[in-house]
Amino acid sequence: MVLAVVKPGALATLQGSVRHGLRHQGIPGSGPADALSRALANRLVGNVPDATAIEITFGGAVFEFREDAIFSFAGACGAAELSGALVAAHETQFARRGDSLVFVHPPAGARTYLAVAGGIRADNVFGSASTFLPAAFGGYSGRALRSGDILEAPGVAQEGVQLVTPEPFRPHMSRTHSLRAVPGPDYDELGPAAWSETFPATNRMDRTGLELSGPWPRPENGAQKLSAALFPGAVQLTPSGKAFVLLPDAQTTGGYPHVLQVIRADRHLLGQIAPGDRLRFLRRSVDEAYSDLLAKTRYFAEWLPAFRF
Amino acid sequence: MSVPAICPVGDDALAVKVGEHAARHALASVLRSSGTWLDVVPGKCEVTVQFDPLELSPAKAQSLLVALMKEYSLSEEIVFPIMTLHMLADEASAPDLPRIAAENGLTPGVFLDRIDASLLSVDMMGFTAGFAYLTGVDARLVSPRLSIPRQRVPAGSVGMITGQLGLYALAGPAGWPIIGRIVEPLFDLSRHDPFTLEAGMRIKLVIER
């Protein structure tokens, strides 16, 4: 299978598995911002959950198939145009050589995952094909996709089983988000207001994180804590009186007050937050978060048996 | 030393509160070599481990760490290797040096002498790929963060804030005043081990004047 990038949209990158074991050297995990949608797309073309796929940000991307292909997509875009014909997300699709595939701006959500049978070939660095833009490695030569890039996948297109994601497993895209979180190490600087207020997402977002405005307390004298390890899902207070929620490419250590941590089971939801969306946090204890993770994993196991949140 | 406190960092990570202590790097490498943890990350005064709760429940992770810390003695006498790095301090490589030196009432030469005489060590890696925090800088030298960060400094740039040097392994934005540039590559993917530095290392800076 060969796929040409005609237009990448706001940002398109190749994302494979999460990198582990190098955060102490400043190398974050990377990987898809919404790992669940990426796994759902991969499932429909017979790939393992973390096979390398294209992460498209806010639609606006156009591709051209240079060979017949089996593909699927899931995430923010519920539909796309395949040479002018509407094709739906969450279904195995078949493209002919010369077909164009056009994604428009989705009404809700932020990221769409385009998977092709066999997974897309990418640079494997530190055990993962995921693109890490700040250090320019992984994925497609360490950079975002551009017009004219040619992507290859080892899969051969044979008209085969057409799969459809069963309705109960399709994530609902919304402009409001409820995220379960546990108190972070510096929760005392925030207090119970976190659980009753609604926080809007600002325009500041990329693969390192997203900014939230709203009634956050301003840290005392912009106080920096001693730098400590941070992971995706961390909610930090910033000196400007806002909060910053970390995503897969975020820095691995930092010193802003770490007041909340979005639970492991819900971190995939962070990848679908768009500017202007509204967020609420639901309080969990560590034990409750563990039960939530077990329950959510069991729920999805019926359709995605190998997927891990 | 008493057994350090172990505190949750969210629902899938735990921090061992070791204190601001060079021994935390030795503890980190013991934890890393156990193969139990997804990542082991030293901070300024703790070592944080991340785990997959589906493999290791939070309760089991906690008791495993408690048991390990009862057995493990934080040695005070770890000797780390010395790494020699060459630093350029010409006008192009050290754009903030004349100003910072003057603010400290020193000539650039005397300022660099004091950097030279400092016993530097890598206190932490992190922030972004290959970035090294060096401590041990002569405490009399004062250098506040830039009020407006630079959009881009070259790879190897040496930033300084009071008490610390920051080695920017990659070209990119930088909020610390720049007082030099390291000649040796600090992060090079073409090498078998892309990282030149690791936490705990002592650093000998050879300043090229």
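## A pairing to start with

Which residue is the bridge partner of A:Glu211 in β17(A)? Look across to A:Phe244. Keep in mind that this is a predicted model. The two strands involved are β14 (residues 209-212) and β17 (residues 243-246) of chain A, and they run antiparallel with four bridges joining them.

Five of its five residues are buried, so β19(A) is largely enclosed by the rest of the structure. What counts as buried here is having 20 or more other C-beta atoms within 10 Å of a residue's own. On one side, β12 (residues 176-183) of chain A runs antiparallel to β19(A), joined by three bridges, and A:Val182 stands opposite A:Gln261. Strand β16 (residues 234-237) of chain A also pairs with β19(A) in the antiparallel sense, again over three bridges. There, A:Gln236 has A:His258 as its bridge partner.

## A buried helix

Now for helix α1 (residues 35-44) of chain A. Why call this helix largely enclosed by the rest of the structure? Because 10 of its 10 residues are buried. The buried set takes in A:Ala35, A:Leu36, A:Leu40 and A:Leu44, among others, and it also includes A:Arg38, A:Asn42 and A:Arg43.

What do these buried residues pack against? Their neighbours are four strands of chain A: β2 (11-15), β3 (53-57), β5 (69-75) and β10 (111-116). Just after α1(A), A:Gly46 takes a positive phi of about 80°.

## Two domains in chain A

Where the two domains of chain A meet, domain 1 puts in 19 residues and domain 2 puts in 15. On the domain 1 side of that contact, you'll find 11 nonpolar residues, five polar and three charged.

## Chain B at a glance

Chain B has four helices and 13 strands. Its C-alpha atoms fill a box of roughly 55 × 35 × 35 Å along the principal axes. Of its 209 residues, 41% count as buried. If you take the contacts in chain B with a separation of 6 or more, 60% of them come from residues 24 or more positions apart.

Chain B is also divided in two: domain 1 covers 6-71 and domain 2 covers 82-208. Between the centres of these domains of chain B, again over C-alpha atoms, there are 29 Å.

## Where the chains touch

How values were computed:
Residues are numbered from 1 along each chain as its sequence is written. Chains are lettered from A and ligands numbered from 1 in the order in which they are written. This is a predicted model: local features need pLDDT of at least 70, side-chain atom pairs count only at pLDDT 80 or more; totals for chains, interfaces and linings use all residues. Domain bounds come from an automatic or database domain assignment. Two residues are in contact if their C-beta atoms, placed from the backbone, lie within 7 Å. Ala, Val, Leu, Ile, Met, Phe, Trp, Tyr, Cys and Pro count as nonpolar, Asp, Glu, Lys and Arg as charged, and the others, Gly among them, as polar. A residue is buried if 20 or more other C-beta atoms lie within 10 Å of its own, exposed if 12 or fewer, and partly exposed in between; C-beta atoms are placed from the backbone. Two strands pair if DSSP finds at least two bridges between them.
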